[in-house]
Amino acid sequence: MTHPAALDFSAWPQLGAVTLLVRDLPRLTAFYAEVLGLAVLRQNREEAALGVGEAEWLRLRSRPDLPAPEPRRPGLFHAALLLPDRAALGSWVRHASALGVRLGAGDHLVSEALYLTDPEGNGVEVYRDRPREEWSWAGGQVRMDTLPLDLPGLLAVGEAAGPFRGAAPGTRLGHVHLRVGDAARAARFYAQALDLHPVAEWRGAAFLSWGGYHHHFGLNEWETRGAGRPLAPATGLGEVEILVPDLAPARARLAALGVPAAEEAGALAFADPWGLRLILRASPAAGG
């Protein structure tokens, strides 16, 4: 069944890049280039931008003065790289295994996913989507679960695909999963502020999307329930960039909600109730 909100994608926003504040910029840059296969698109002493082709999907900002986040601090649960197909995912799994990377895994019905953490504890998901016609929808909700992953089958597909030669063309930021103090409250905020559609709830987590996707944002309270807005900065999530066709509707939504927003170099920056920074940038390619 097709989700009723599955419309012309050119009308919908899309995720841009995730920015991480890191203590050891050279080490983190090398990790994402070697393990994830992302290309270093630009780099200086203060920041590195990595991605695929000309698209930046990850920005690392040097902040050696900041402490590591406390375990119950709201922030990033994981940033998720979406690979174009199962062969690309299988090839990457073989590459990561050869490097000795410790991986978690799950079959989510809509996708097959692997999980890891970077050297500073930031979560990363690497996944591929199943075809949309295989997703199951009922009442505007998509069915997702966490089941054992067919790792032998994935490795076999990866072997047939050949050696890993870096992130495959078409790899992009598929979704962002955040740690919040109240998943239900966060879902209401993100739906209203970003015009997202709630598509699933699961054991203390909420999932929302644009255009009938299984989710662009995940919001969980698994370890952070009741947490408030942090009083001091720390490493970890810097900001999530969202590309929109036009800033005017977003500006009006935020004003109606009473959410303070700042104009920054042609972009609109604001924070969620836990201080997680979101930046909206106008892009004619959004949703395309």
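1. Let's start where helices α4 and α5 touch. In this predicted model, Gln192, Ala193 and Leu194 of α4 meet Arg253, Leu254 and Leu257 of α5. The residues of this contact divide into four nonpolar, one polar and one charged. How do the two helices pack, in angle and in distance between axes? Helix α4 (residues 183-194) and helix α5 (residues 247-257) pack at an angle of about 135°, with their axes 8 Å apart, and that makes α4 oblique to α5.

2. Stay with α4 for a moment, as it is a handy landmark. On one hand, α4 lies across β15, β17 and β18, and runs at about 165° to β17.

3. The strands β15, β17 and β18 belong to an open sheet of eight strands, whose order is β2-β3-β4-β1-β15-β18-β17-β16. The pairing in this sheet is mixed. At the edges stand β2 (39-43) and β16 (262-264); each has a single partner strand, so one side of each is left without a neighbour in the sheet. If you ignore direction, neighbouring strands here are turned by 25° against each other on average.

4. In which sense do they pair, and over how many bridges? Strand β17 (residues 267-271) and strand β18 (residues 277-282) pair in the antiparallel sense, over five bridges.

5. Strand β11 (residues 172-179) and strand β14 (residues 217-220) pair in the parallel sense, and four bridges link them.

6. How do their axes cross? The axes of helix α2 (residues 86-98) and helix α3 (residues 151-161) come within 7 Å and cross at roughly 95°, and the two are therefore roughly perpendicular to each other.

7. Which residues make that contact? From α2 come Arg86, Ala87, Leu89, Gly90, Ser91, Val93 and Arg94. They meet Leu151, Gly153, Leu154, Leu155, Val157, Gly158, Glu159 and Ala161 in α3. The residues of this contact divide into eight nonpolar, four polar and three charged.

8. Counting cavities of 30 Å³ or more gives one. The largest cavity has a volume of about 120 Å³. Of the 13 residues that line it, Tyr32, Leu58, Ala79, Leu81 and Val124 are the closest to its centre. At least two lining residues each come from β1 (14-22), β4 (55-62), β5 and β8 (123-129), and β5 gives the most, with three residues. Is the cavity lining mainly nonpolar or polar? By class, the lining has 12 nonpolar residues, one polar and no charged ones.

9. Finally, the open space. The largest pocket has a volume of about 620 Å³. Of the 32 residues that line this pocket, the closest to its centre are Pro69, Pro74, Gly75, Thr235 and Leu237. The elements that give two or more residues to the pocket lining are β5 (75-83) and β15 (236-244). The residues of the pocket lining divide into 16 nonpolar, eight polar and eight charged.

Definitions and conventions:
Residues numbered from 1 in each chain as written. Predicted model: local features only at pLDDT ≥ 70, side-chain atom pairs only at ≥ 80, totals over all residues. Heavy atoms only, no water. 1 Å grid on protein atoms, 1.4 Å probe; cavity = no way out; pocket = protein on both sides within 12 Å on 5 of 7 lines; lining within 4 Å. Points joined across faces, edges and corners; volume = space filled by probe spheres on them. Nonpolar A, V, L, I, M, F, W, Y, C, P; charged D, E, K, R; others polar. Axes fitted to C-alpha atoms, helices over the stretch in contact; angles between N-to-C directions. Parallel < 35°, antiparallel > 145°, perpendicular 65-115°, else oblique. Contact = heavy atoms within 4.5 Å. Pairing = 2+ DSSP bridges.
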